[in-house]
Amino acid sequence: MLHATLPQRLKAAVTSNKNLSLDEFKSVLRAQIKGLEDEASKMDELKAHTKNPEETAPIIQNRVNDLVHEEFGIEEEDLLASMKDHINDGEVQQLLLKVQQATMKLMPLPEGMF
């Protein structure tokens, strides 16, 4: 479960002039999930162009953030600022978990793990 003070910490730490409605927020999260999954399918191609495999996850995350900005006109700060209003919604929590899972799939396993 998410830490109870997370919304308060986010509100204090992030400033934004945009406030997304619950439906807009969910749409952005869905777009992030789709973007992460789509970009992950291109991971091998991207790794071929990077010196270090650890570079691929941040590159993909930045590309997804750019796609979200193009589609919705929002920055990551806007998303974080809106999270404080919607963090207690059950579907939002599930979508956030899916974003986290999709992001974790981008991370290379430490050597010797398998």
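Which helix does Thr 56 lie in? Thr 56 lies in helix H4, one of 6 helices in a chain with 0 strands. Helices here are DSSP runs of H or I with at least four residues, strands are runs of E with at least two, and both are numbered from the N terminus. The model is a predicted one, so local features need pLDDT of at least 70, side-chain atom pairs count only at pLDDT 80 or more, and totals for chains, interfaces and linings use all residues. Residues are numbered from 1 along each chain as its sequence is written, and side-chain values use heavy atoms, with hydrogens and water left out.

Read along the sequence, the pattern is simply α-α-α-α-α-α. Of the 114 residues in the chain, 33% are buried (under 20% relative accessible area, with exposed meaning over 50% and partly exposed in between; 1.4 Å probe, protein chains only). Accessible areas come from the Shrake-Rupley method with a 1.4 Å probe, and for residues only the protein chains shown count as cover.

Back to Thr 56, then. Thr 56 counts as buried, at 0% relative accessibility. Leaving aside residues up to four places away in sequence, Thr 56 touches Met 43, Leu 46, Lys 47, Thr 50 and Leu 106.

Helix H4 also has a charged side to its story. Asp 66 lies in helix H4 and is partly exposed, with a relative accessible area of 48%. Together with Glu 70, Glu 75, Glu 76 and Glu 77, Asp 66 forms a negative surface patch. Patches are made of residues with over 30% relative accessible area and no salt bridge, like charges being joined within 9 Å and nonpolar side chains (Val, Leu, Ile, Met, Phe, Trp, Tyr) within 5 Å. Asp and Glu count as negative, Lys and Arg as positive, while His and the chain ends are not counted; each charge is placed at NZ of Lys, CZ of Arg, CG of Asp or CD of Glu. Helix H4 (56-72) and helix H5 (76-86) each supply at least two residues of this patch.

Side chains of opposite charge can pair when their charged atoms come close. The count comes to 7 salt bridges, each being a side-chain nitrogen of Lys or Arg within 4 Å of a carboxyl oxygen of Asp or Glu. In one of them, Asp 89 meets Lys 26 at 3.6 Å, N to O. Asp 89 sits in the loop between H5 and helix H6 (90-104) and Lys 26 in helix H2 (residues 22-40), so this pair ties together parts that are 63 residues apart in sequence. Asp 89 is partly exposed at 23% relative accessibility, whereas Lys 26 is buried at 10%.

Lys 26 also forms a salt bridge with Glu 91, the closest N and O atoms being 2.9 Å apart. That pair links helix H2 to helix H6 across 65 residues. Glu 91 is partly exposed, with a relative accessible area of 36%. Arg 30 forms a salt bridge with Glu 91 too, here with the closest N and O atoms 2.4 Å apart. Arg 30 lies in helix H2 and Glu 91 in helix H6, so parts 61 residues apart in sequence are tied together. Arg 30 is partly exposed at 39%. Through shared partners, salt bridges join Lys 26, Arg 30, Asp 89 and Glu 91 into one network.

How values were computed:
Contact means heavy atoms within 4.5 Å.
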